[in-house]
Amino acid sequence: MSAAVEVVADPAASRYEILVDGVVAGFAQYRMRDGAMVFTHTEVRGEYEGRGLGGHLVGAALDGARTAGLSVVPLCSFVAWYIQRNPEYRDLVDDDYRNLVDTAG
């Protein structure tokens, strides 16, 4: 039987959490600034690594930002990496921080 995976917003803690069978397996931390969700850190607990949970978590967090009408500042390198590989989220990035997701070549 496969594990139940769910992403939940926890605005009181300024983060999105990914739950596996009800256990917090990781989180994407952010702070709010001038209509932007500034992502500062993403972490998946060691025992849950290698399952694609980080990408699932960040995708859901970015979808949440889009739904809320917020721009995104990807100071977290994993969030920037995710947006580089999923350009459908590039339009969310605040213009002043596009260099964080632009790739050479």
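In the predicted model, five strands form an open sheet in the order E1-E2-E3-E4-E5, with mixed pairing. The edges of this sheet are strand E1 (5-10) and E5, each of which pairs on one side only. Direction ignored, neighbouring strands of the sheet are turned by 25 degrees against each other on average.

E1 and E2 pair in the antiparallel sense over six bridges. The hairpin of E1 and E2 has four residues between the strands, and serine 14 in this hairpin takes a positive phi near 55 degrees. E2 and E3 are likewise paired in the antiparallel sense, over six bridges. Their hairpin has two residues between the strands, and here aspartate 21 takes a positive phi near 50 degrees. Leucine 19 has valine 24 in E3 as its bridge partner.

Strand E2 is mostly covered, six of its six residues being buried. Arg15, Glu17 and Leu19 point one way from E2, while Tyr16, Ile18 and Val20 point the other way, and all are buried. Arginine 15, which lies in strand E2, can be followed in both directions across the sheet. Aspartate 10 stands opposite arginine 15 in E2, and in E3 the bridge partner of arginine 15 is glutamine 29. The relative accessible area of arginine 15 is 19%, and the residue therefore counts as buried, the cut-off being under 20%. With neighbours within four places in sequence left aside, arginine 15 is in contact with Val8, Ala9, Asp10, Val24, Phe27, Ala28, Gln29 and Tyr30.

Glutamate 6 lies in strand E1. The relative accessibility of glutamate 6 is 44%, so this residue counts as partly exposed. Apart from neighbours within four places in sequence, glutamate 6 is in contact with Glu17, Ile18 and Leu19. Between glutamate 6 and valine 24, the C-alpha to C-alpha distance is 9.5 Å, at a separation of 18 residues in sequence.

At the other end of the strand order, strand E4 (residues 36-44) and strand E5 (residues 71-74) pair in the parallel sense over four bridges. Within this pair, methionine 37 stands opposite valine 72 in E5. Together with helix H1 (residues 53-67), E4 and E5 make a right-handed β-α-β unit.

Both helices lie across strands of the sheet. H1 lies across E1, E2, E3, E4 and E5 and runs at about 140 degrees to E2. H2 lies across E4 and E5, at about 120 degrees to E5. The two helices also pack on each other, at an angle of about 80 degrees and with their axes 10 Å apart. H1 and H2 are therefore roughly perpendicular to each other, a term applied to angles of 65 to 115 degrees. In this packing, Gly54, Gly55, Val58, Gly59 and Leu62 in H1 meet Phe78, Val79, Tyr82 and Ile83 in H2.

In soluble globular proteins, nonpolar side chains tend to be buried together. The largest nonpolar core in the model has 27 residues, of which Met37, Phe39, Leu62, Val72, Val79 and Ile83 touch the most other members. At least two residues of this core come from each of strand E2 (15-20), strand E3 (23-33), E4, H1 and helix H2 (77-85). H1 gives the most to the core, with six residues. Leucine 62 is one of the residues with the most contacts to other core members, and also one of the H1 residues that meet H2. Not counting residues up to four places away in sequence, leucine 62 touches Phe39, Val72, Val79, Tyr82, Ile83, Tyr89 and Leu92. Of these, Val79, Tyr82 and Ile83 are among the H2 residues at the packing of the two helices.

Note on methods: Residues numbered from 1 in each chain as written. Predicted model: local features only at pLDDT ≥ 70, side-chain atom pairs only at ≥ 80, totals over all residues. Heavy atoms only, no water. Pairing = 2+ DSSP bridges. Right-handed = clockwise from strand over helix to strand, strands pointing away. Core = buried A, V, L, I, M, F, W, Y, C linked by side-chain atoms within 4.5 Å. Buried < 20%, exposed > 50% of the residue type's maximum accessible area, 1.4 Å probe, protein only. Contact = heavy atoms within 4.5 Å. Axes fitted to C-alpha atoms, helices over the stretch in contact; angles between N-to-C directions. Parallel < 35°, antiparallel > 145°, perpendicular 65-115°, else oblique.
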